[in-house]
Amino acid sequence: MELIGRRLSAGELAAVLADPSVVDMLLYGDLDDDEAEMPEPELDLDKSWHGIHYLLTGTAWQIGESAGAAILGGVEIGPDGGYGPPRLLDPDSVRAIATALNGLEVETLRARFDPGAMTAAEIYPDLWTNGTDDFDYLMSHFAELCQFYHSAAVSGQAVLLAIT
């Protein structure tokens, strides 16, 4: 399971709100065309998404405010692709998340990194060790997450997220 994200222009947001079936085309491309390639996501957190969510919220599945909504927040929209429907975050939510992510210190997240607790909470992909490699892996993707939300916020865009 990987988390992908796409920023939405005002026109794309209007299209999604008018017809949620547009979500699949935006995230996955033309699913009816066997030769069509899936568009490159603007955000690809690989398998780090659940670990980052844990560092932001201290929980496996609860969605927090601001930064706590960065991974699993938003309103479900469109068809379920197998791991739940994609989620839509409006431009105001995107700005709040971007601001909160910007205010987080790496040391705060490092203090929340507890491999034993993450394993006990069944944080995907359930490979946590006591080494720093796992934390570094999460932080490299956390930096991508911050940049993604910053870019969307600066542009006044909404965001679509999906676990694939």
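# A tour of salt bridges, a loop and a pocket

Select Arg 110 and Glu 107 to begin: they sit three residues apart in helix α5 (residues 106-112), so about one helical turn separates them. Helices here are DSSP runs of H or I with at least four residues, and strands are runs of E with at least two, numbered from the N terminus. The model is predicted, so local features need pLDDT of at least 70 and side-chain atom pairs count only at pLDDT 80 or more, while totals for chains, interfaces and linings use all residues. Residues are numbered from 1 along each chain as its sequence is written, and side-chain values use heavy atoms, with hydrogens and water left out.

Show the side chains of Arg 110 and Glu 107: they meet in a salt bridge at 3.5 Å, N to O. The term means a side-chain nitrogen of Lys or Arg within 4 Å of a carboxyl oxygen of Asp or Glu. By this rule there are three salt bridges. Glu 107 is exposed at 52% relative accessibility, and Arg 110 is partly exposed at 35%. Buried is under 20% relative accessible area, exposed is over 50%, and partly exposed lies in between (1.4 Å probe, protein chains only).

Next, select Arg 95 and Asp 92, whose side chains form a salt bridge at 2.3 Å, N to O. These two are three residues apart in helix α4 (residues 91-102), about one helical turn. Asp 92 is exposed at 54%; Arg 95 is partly exposed at 35%.

Then go to Glu 12 and Arg 6, where the salt bridge is 3.1 Å, N to O. Glu 12 is partly exposed, at 22%.

Move to Asp 19, in the loop between α1 (10-18) and α2 (22-28). Its side chain makes a polar contact with the side chain of Ser 21 at 2.7 Å. A polar contact is a pair of N or O atoms within 3.5 Å; within protein, one must be able to donate a hydrogen and the other to accept it, and residues adjacent in sequence count only if both atoms are side-chain atoms.

Finally, select the lining of the largest pocket, which includes Ala 98, Asn 102, Phe 142 and His 150. A pocket is an open set of points on a 1 Å grid over the protein atoms alone, where a 1.4 Å probe fits, with protein on both sides within 12 Å along at least five of seven lines; lining residues have an atom within 4 Å of a point. α7 gives the most to this lining, with five residues.
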